[in-house]
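Hi,

Here is the structure I promised to pass on to you. Have a look at it first, and then read on for what I found.

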Number of protein chains: 2
Amino acid sequence: MAVYTEVADDDLARFIDSYGLGEVLSCKGIAEGVENTNFLVHTGHGRYILTLYEKRVRREDLPFFLGLMEHLAKAGISCPTPVRDRRGVILNELAGRPAALVTFLDGIWIRRPRPEHCLAVGEALAKLHLAGRSYAEARENALGPTGWQALFQRFEARADEVAPGLGAEIRRELAELVPSWPKGLPAGVIHADLFPDNVFFRGSKLSGLIDFYFACNDFLAYDIAVCLNAWCFEPDFAFNITKSRALLKGYGAVRELQPAEQAALPVLARGAALRFLLTRAHDWLHTSEHALVKPHNPLDYLRRLRFHRATRSAGEYGLEAAR
Amino acid sequence: MAVYTEVADDDLARFIDSYGLGEVLSCKGIAEGVENTNFLVHTGHGRYILTLYEKRVRREDLPFFLGLMEHLAKAGISCPTPVRDRRGVILNELAGRPAALVTFLDGIWIRRPRPEHCLAVGEALAKLHLAGRSYAEARENALGPTGWQALFQRFEARADEVAPGLGAEIRRELAELVPSWPKGLPAGVIHADLFPDNVFFRGSKLSGLIDFYFACNDFLAYDIAVCLNAWCFEPDFAFNITKSRALLKGYGAVRELQPAEQAALPVLARGAALRFLLTRAHDWLHTSEHALVKPHNPLDYLRRLRFHRATRSAGEYGLEAAR
């Protein structure tokens with residue numbers, strides 16, 4: 001939620017002209033996207049989001065992300081569509097950063113999701129999974145179980161600064177979760193970060209999905225597990241089974257979960273909570289005092305993780321009716 | 001350049017509906033406005049800027065600012081126009097903050113102004129001064145000479161943390177400038193903060209002025225002095241007399257400077273530099289390490305102040321031809 005990189009007006013005009021989009025009518029840095037610098041640009045041809053990729057995004061991953069958005073948009077998923085410049089190129093450079101221009105998506109994100117929003121998210125996630133099947137590129141999930149240990153080591157010595165005992169609790173989780181992680185579940189392209197701020201609505205109708213910069217190949221059900229964490233807990237950390245049931249119902253209406261996926265939901269949800277706990281604890285400890293973005297509180301995910309640790313079946317997420 | 005206050009989607013929808021502007025199509029927090037939270041809102045009726053006033057703006061000043069924008073817009077100045085809600089009210093409340101909605105202005109601000117931009121700014125400033133004559137409300141300039149001493153006292157003890165000797169240099173400036181400050185110059189409503197990021201252009205044509213939240217009543221020529229500081233120094237702090245000449249020429253084409261105003265330019269420019277040095281040094285020392293906005297370097301204005309201290313006449317700002 002910050003402008004990390006400023007763009008000079010004449011550089012911007014040249015850049016937009018290289019796409020044949022006419023005069024820049026306005027350009028506002030927008031307070032969205034923790035990782036990158038985003039501008040909302042109006043030109044004579046319409047509205048676009050201009051993204052400058054900052055150092056946290058690996059340049060070699062950008063073709064996967066941008067290609068995926070283009071692929072999904074062609075497959076009918078409402079998501080930002082990369083614009084090709086006059087030469088047909090998607091990924092360019094501006095102000096010394098890799099840069100791309102994507103179409104602007106109407107809609108606002110829902111601060112207080114209701115079950116009908118969760119239903120719509122479940123549907124959209126399943127459609128994304130189906131549309132992703134035909135995407136030719138692949139990208140490993142660097143934040144999956146095989147990456148957790150290395151991520152933890154980067155802050156293990158200081159983990160208890162976040163909360164006393166956190167280091168030991170994460171060690172126990174890693175020791176239990178990694179060996180018991182499911183194998184052989186249906187896999188494909190997942191969004192991996194489908195939080196409420198990445199889903200736009202007009203009223204209660206979902207109007208689009210954004211921010212594919214964590215997308216990767218992994219178990220499809222893991223993506224559901226991320227959403228259960230992101231959409232189905234109340235501000236007081238109470239799990240809301242009505243929202244969870246709606247999310248799973250929406251998903252199941254488009255793509256039926258296999259029994260193995262259903263059985264794996266508790267461990268996947270616990271793993272997803274651990275993944276966000278790890279990255280947030282890392283960022284919490286490593287964010288400069290002068291950072292433009294305040295880190296999220298990692299303990300929100302410790303609370304979620306403890307909930308999932310106690311669940312025994314997908315029924316506890318509201319899936320009993322579908323079995 | 002930050003979103004200090006989040007607005008829930010349903011609160012936003014209700015707020016926009018109270019203006020009769022239809023559905024909220026999108027709402028982006030924008031990274032502009034150091035003092036307030038600004039959202040760019042698209043509705044079925046058009047584009048608007050929604051501003052939530054944060055604590056640094058005094059609520060009792062808001063009717064002056066908003067009334068001024070409405071007055072100037074009616075007088076033909078291109079600036080954001082406050083929108084009245086269904087009841088005819090301009091100033092409302094949202095998310096616990098005073099809030100107003102203004103029209104969106106096309107244009108981008110110029111990162112590297114050229115003389116033609118300075119000419120256009122001079123013209124626009126003079127037009128603003130003429131249009132402001134008929135505005136009935138008034139507001140004292142809290143950041144004028146009578147306020148400098150009090151502002152300095154808030155950080156005097158720590159001034160040398162900004163730069164060794166800064167405290168003594170400011171004390172000398174106050175002792176010289178305050179008693180020699182001009183009296184009886186033509187006065188009226190001034191913008192008082194017309195920096196490049198507050199002036200929009202389409203190409204080299206000025207398309208509008210924004211951010212009237214420092215506007216007040218003071219000497220009109222003081223507003224020119226602010227612009228000389230803001231527009232006519234290069235990144236290496238060299239004064240660019242070509243830009244200054246253009247700015248004064250643009251101004252003079254609309255409103256002729258009186259001899260007393262011309263004679264006062266050096267001391268006004270020096271005072272304007274001191275005013276920004278004081279507020280920036282204060283903010284530099286008082287900004288929390290966790291602030292969302294990084295403070296400007298106050299020493300940029302010490303360099304300007306020293307330049308103006310050495311000037312003896314308006315001729316050194318390029319005004320000789322007009323005398």
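Let me begin with chain A, whose secondary structure comes to ten helices and ten strands. Its radius of gyration is 20 Å, close to the 20 Å that the globule rule gives for 323 residues, so chain A is as compact as a globular protein of that length. Please keep in mind that this is a predicted model. Along the principal axes, the C-alpha trace of chain A spans about 60 × 45 × 35 Å. Of the 323 residues in chain A, 44% are buried. Looking at contacts in chain A between residues at least 6 apart in sequence, you will find that 73% join residues at least 24 apart.

Chain A also has an open sheet of three strands, in the order β6-β8-β9 and with antiparallel pairing. Its edge strands are β6 (108-109) and β9 (205-209), each of which pairs on one side only. Two bridges join β6(A) to β8(A), residues 199-202, and in this pairing Ile108(A) stands opposite Phe201(A). Helix α3 of chain A (residues 115-132) packs on the sheet, where it touches β8 and β9, and its direction makes about 40° with that of β9(A).

How many residues of strand β2 in chain B are buried? Seven of the seven (residues 37-43) are, so the strand is largely enclosed by the rest of the structure. Both faces are covered: Thr37(B), Phe39(B), Val41(B) and Thr43(B) are buried on one side, and Asn38(B), Leu40(B) and His42(B) on the other.

Strand β1 of chain B (residues 24-30) runs antiparallel to β2(B) and is joined to it by six bridges; here Ser26(B) stands opposite His42(B). Seven bridges join β2(B) to the antiparallel strand β3 of chain B (residues 46-52), with Val41(B) opposite Tyr48(B). Two residues lie between β2(B) and β3(B), which form a hairpin.

Last comes helix α10 of chain B (residues 299-310). Its twelve residues reach 17 Å from the first C-alpha to the last, close to the 16 Å expected at 1.5 Å a residue. The buried residues of α10(B) are Tyr301(B), Leu302(B), Arg304(B), Leu305(B), Phe307(B) and His308(B). They pack against three other helices of chain B, namely α6 (166-180), α7 (220-231) and α9 (259-286).

Terms used
Residues are numbered from 1 along each chain as its sequence is written. Chains are lettered from A and ligands numbered from 1 in the order in which they are written. This is a predicted model: local features need pLDDT of at least 70, side-chain atom pairs count only at pLDDT 80 or more; totals for chains, interfaces and linings use all residues. A residue is buried if 20 or more other C-beta atoms lie within 10 Å of its own, exposed if 12 or fewer, and partly exposed in between; C-beta atoms are placed from the backbone. Helices (H or I, at least four residues) and strands (E, at least two) are DSSP runs, numbered from the N terminus. Two strands pair if DSSP finds at least two bridges between them. Two residues are in contact if their C-beta atoms, placed from the backbone, lie within 7 Å. Axes are lines fitted to C-alpha atoms, for helices over the stretch in contact, and angles run from 0 to 180 degrees between N-to-C directions. The expected span of a helix is 1.5 Å times one less than its number of residues. The radius of gyration is taken over C-alpha atoms; the globule rule is 2.2 Å times the number of residues to the power 0.38.
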